[in-house]
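The following exercises concern a predicted model of a protein assembly. Each task is followed by a solution worked in steps.

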Amino acid sequence: MYPPSLVVTFTKKSSVKMAKLTSLFVILLSFFCISEAVFEDQVGKFDWRQQYVGKTLFAHFESNTQSSKKMFVATDKNIFASFNSRTGDLLWRHVDKTGPEGTIDILLLHGQDALMVVGDGRLLRSWDTNIGGLNWEVVLDTGSFQAACFVAIQDTVKLVAVLKKAAISLHYLSNGHQKWVENLPDSDAVQYQAVYSGGEEEVYVLGVVPNSHLTIIAYSLEDGEIIKQRSVEASWLSSVESSCVVVGQGVLMCVDPATLALYTLPIQAEETPEFSQILLQVLYLSPTVSPGFQPVLVSSQPHPARSPLSEFFLQLGPDHHVLLQLNADGYTIAPLRDFQPAFLVSFATTGKKTVAAVMTPKNETVSRHRVVSFINYTAVSKPRWLSPLPFPLQACAINLFSVDSGRRLLDTTVLFPLEPNGGKPHMLYVHAFLKKDDSVGYRVLVQTQDHALTFIQQPGRVVWTREEALADVVTMEMVDLPLTGTQAELEGEFGKKAGKEHGLFPMVLKRLSSQVTLLQAWLAHLWKLFYEARKPRSQVKNEVTIETLSRDEFNLQKMMVMVTASGKLFGIDSKSGSILWKHYLENVQPNAAFKLIVQRTTAHFPHPPQCTLLIKDKDTGLATLHVFNPIFGRKSHIALPALPRPILQSLLLPVIDQDYAKVLLLVDDQYKVTAFPSTKNVLQQLQEMASSIFFYLIRSEHGNLSGFRLRKDLSTERIWEVVLPTEVQKIVAVKGKRPNEHVHSQGRVMGDRSVLYKYLNPNLLAVVTESTDAHPERAFVGVFLVDGVTGRIIHEAVQRKARGPVHFVHSENWVVYEYWNTKSRRNEFSVLELFEGTELYNSTVFSSLDRPHLPQVLQQTYIFPSPITTMEATLTEKGITSRHLLVGLPSGAILSLPKMFLDPRRPEVVTEHSREENLIPYAPEMPIRTEWFINYNQTVARVKGIYTAPSGLESTCLVVAYGLDIYQTRVYPSKQFDVLKDDYDYVLISSVLFALFFATMISKRLAQVKLLNRAWR
Amino acid sequence: MATPGGQGGGALSTRGGARRMKWALELTLGNARGRGDRQSNQGDVMYPIGYSDKPVPDTSIQESDKNLVEKRCWDVALGPLKQIPMNLFIMYMSGNTISIFPIMMVCMMAWRPIQALMSMSATFKLLENSNQQWLQGLVYSVGNLLGSALAIYKCQSMGLLPTHSSDWLAFIEPPVRMEIMGGGMVL
């Protein structure tokens, strides 16, 4: 370990050298303390980045040839991206604004152009799909987007029609110029929902007055004149969008779930003012549509210049599809094939041929149990197919069917393996192509409920899988890897349990045997090295699997446990970034709150490590616990406590039970506490120390902070309450200190070599409020430092003319926060540091209940030249290494900002003492140096959070930045003082040593000979 | 110092020719060469063996010798004290920066008095003959102590002595936490 006194001496030395060159001081100092940037040959050595796009909404394949490699997706994260379909790698990606402004409403693909409507009809964009460049972009008129389609003139697609709530506009595909725009008649009453063009001279707009009538308007392509307009009585129809499609030669096909009937209406024809009804019974279809299920029609229009196919799918239940054909007369329907069970269906067209891909469960048992699954399906279920099937499904089969006849095409079966802990298939995108022998081949992209994309080739080979759930990581933890068997054995030898019941002799034997096993392991390692050295380098693969996972020498490799918003958990190896396990939790609400707790680390061999995920349903307030082993991802079979009441918060105690698991307290809405695990031992311990267990709760909507003390019977009493009036300000965030944070130095050394002791209150909370008044003159940001045990407000700092969002870090004895200054219109960093003074009040114990003196608070503010998205502080094993702030910028860079720049003791006037202390003179501007970017050119899009974890090396801190992308690296805030450099010249040093050694030997011999000769003379 | 016998008539002389003999005593007169020849030429005075016509210095202990010893002993005893002004000058010149030369100097300054104090018995042997042995010993040790005090002062002014609370900061254990606290925003 690095002796801290040495640091002091060296810094002193440097400071005096710089005494006279005050202007050079900062520059020299920064050279002296930081050079963060990586070298070119270190790129990718300790870091990796994974890019994601999010949950796919629209997916298209490039062209219908076998050799095409591109596919395009638009996602719920407002991203338009292209994948290489052979590898699953991103070819290019466009990240738009978050929120509704960047929402992709629709993605249409025609040839080389991808058309996109963005931001609820705000913009129309055309992209070149080859290189991902923007062809053009036009701003559309206001009004919410309804539908869009390509419009062809004389068999060539030249236009795109965009239907808005009150207007329809046509744009040229080539340059985006508007051909015409027309207001829709009577748009207040009529909800226009669909636009259709089948290659004729007109474009049709379909609107509905719910439960009254349907309106069809035909516009002339030339000038936008209304050619015809008519309304058809349809009292059963509530939405065109959800229950109608256009099939065949412009026939509108609608389904009515109430009467279980299909309705047809020719759109173009003038003479039929009525829908013609076809009851499903007539078609000999099972009339038992599962209760609560809305039948869905699926049709396909292979080419915009031609009318849609006359074949279409009718989905009658979650796993019941029927392929139907509209006969040429336009009234009658012929059933082609009944698919039951069938989860997903999709049309695909290649050349002249159109096929239907149908996904069916592979197991024979499915059909037997189908009834059961139907019963489970209730009206309150999600619109998606979410009802868990009561049997484990191993695989699904996908088959191609000829659309014309409903006949199954031979040799088209593709198996889709379902993971035991994965999601069910959700969407099917088929890429069909003609093989050389003119038969239809296909590849298929399956999207599962856990947002994973799987690309499968015939015959059932999984080409790649993308875990798109990782685009929305909510929380994460890093867990140490377990020791290897031999390490664990040694550990066991010196463990607590060993040696108590054994005598001296067995201990010696055990020691010897463990040494032998160590020797064996070492020899095996050597043999492996030797064996691998003979192989060419390309063949040697260091594949990480769960079996080979073990802690490395410096504990630099850890398991990243990531919790995503979709409810899928991942275990990722921090060294390589490979996903080692995944577990999908099926019944997780989209807006659920997660809290991940490490209850037992790997340090307690042979007890397995244990993580607990607290999932709280926002609607009901009820919480569930998911207990799992973070190394293998397996669910632990531990008796979970019953949680009948909504859970407000949880609290992890440093108390451990007899199995070394930390005790988790769950506080419910009656302020009763449930302990987990709740063995007798734990309850007894809790009773003993109940009076020293406190917790605080913050209700943002009431502006209420309250503190509670635990009673012996596990009920609580409120001991303090602070109310911040919600009409003035609202509590935005609160942060305590990280429980695994170590502070090595209890004070700061002043220039006169006295000590300014830090106010290290482990119970301190930083509460940030924002004013409800957003006016730039009256807006403010408040930072309250509150003692969580007593409720005492230690300090309050109010930043006037400031606005959020506030990002802040609370660590050691300081709080750093960033806000927007509305007066000067710039981002500012402010730092608060708390000191106890030159005397310690009580150096042995810290009790919030016995602290008569308030700390001294120092504050300074700096201008930061960029907005930020997130902020975190580095963390090391012992806290000796200086701290850096890791700042995520909107540009995707992660800045490692030395904390010494954010020091409220930076002097305005340089004095002897401040120089002695190495304080940088105060400058309001905070620099951003490019070498501080720890992720060089590996930008991390939309950084949402940064997680830091200590490693076994004091100098090294592991960093994971997550957002849309995931980036993992290591940082060395005080440089690598405890390891040899990467490029350390072992050869040179050892050769010099050997040379010196031999030189000494030889010269010694020579000297002896010479002495002997002289004696003989 | 010339030996008295060397000037004697039958004196002793070296014979250049003889290789094996380093010296020889010639008892016969006449064929003596060198100075003896000249003396015999000047006057044939026979002196007995070992006679010298020059006065032999008085080698008996006299009062002045005593003083000399005393003086010498005082020199030894005052040596460390005499070095102090010199040390002060060097101290002033070297300044309070911490670099290799001032450090070496301080080490020397500190080490020499300590070394001297460690070899106190040898010094006492030197001072054995003096009457004021104890006083001189005292002065000697005081001088050395002063020298080391000076070195310590130098260390102090250079900031090498752990005299401040900041020097013991690294050894302060973090205080034990009395309360356990947790919680947060209502989930």
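**Exercise 1.** Describe the extent and composition of the interface between chain B and chain A.

*Solution.* Step one is to count residues: 26 residues of chain B contact 50 residues of chain A. Step two is the area: about 3300 Å² is buried between the two chains, with 63% of it on carbon and sulfur atoms. Ile180(B), Met185(B) and Leu187(B) together supply 25% of the area that chain B buries against chain A, more than any other three residues.

Step three concerns polar interactions. Between the chains there are 23 residue pairs in polar contact, both residues being at pLDDT 80 or more. In chain B, strands S3 (176–177) and S4 (180–185) each supply at least two residues of the side that touches chain A. S4(B) gives the most to that side, with six residues. By class, the residues of this side of chain B comprise 14 nonpolar, eight polar and four charged.

**Exercise 2.** Identify the salt bridge and the strand pairing between the chains.

*Solution.* The count of salt bridges between chain B and chain A is one. It joins the side chains of Arg753(A) and Asp167(B), at 3.0 Å from N to O. For the strands, S56 (residues 845–846) of chain A pairs with S3(B) in the parallel sense over two bridges. Within this region, Phe846(A) stands opposite Arg177(B) of S3(B).

**Exercise 3.** Where does Gln146(A) lie, and what does it touch?

*Solution.* Gln146(A) belongs to strand S10 (residues 145–153) of chain A. Leaving aside residues up to four places away in sequence, Gln146(A) touches Leu163(A), Lys164(A), Lys165(A), Tyr192(A), Gln193(A) and Glu241(A). Glu777(A), 631 residues from Gln146(A) along the chain, has its C-alpha atom 40 Å from that of Gln146(A).

How values were computed. Residues numbered from 1 in each chain as written. Chains lettered and ligands numbered in written order. Predicted model: local features only at pLDDT ≥ 70, side-chain atom pairs only at ≥ 80, totals over all residues. Heavy atoms only, no water. Contact = heavy atoms within 4.5 Å. Buried area = accessible area lost by both parts, 1.4 Å probe. Salt bridge = Lys/Arg side-chain N within 4 Å of Asp/Glu carboxyl O. Polar contact = N/O pair within 3.5 Å; in protein donor to acceptor, adjacent residues only side chain to side chain. Helix = DSSP H or I, 4+ residues; strand = E, 2+ residues; numbered from the N terminus. Nonpolar A, V, L, I, M, F, W, Y, C, P; charged D, E, K, R; others polar. Pairing = 2+ DSSP bridges.
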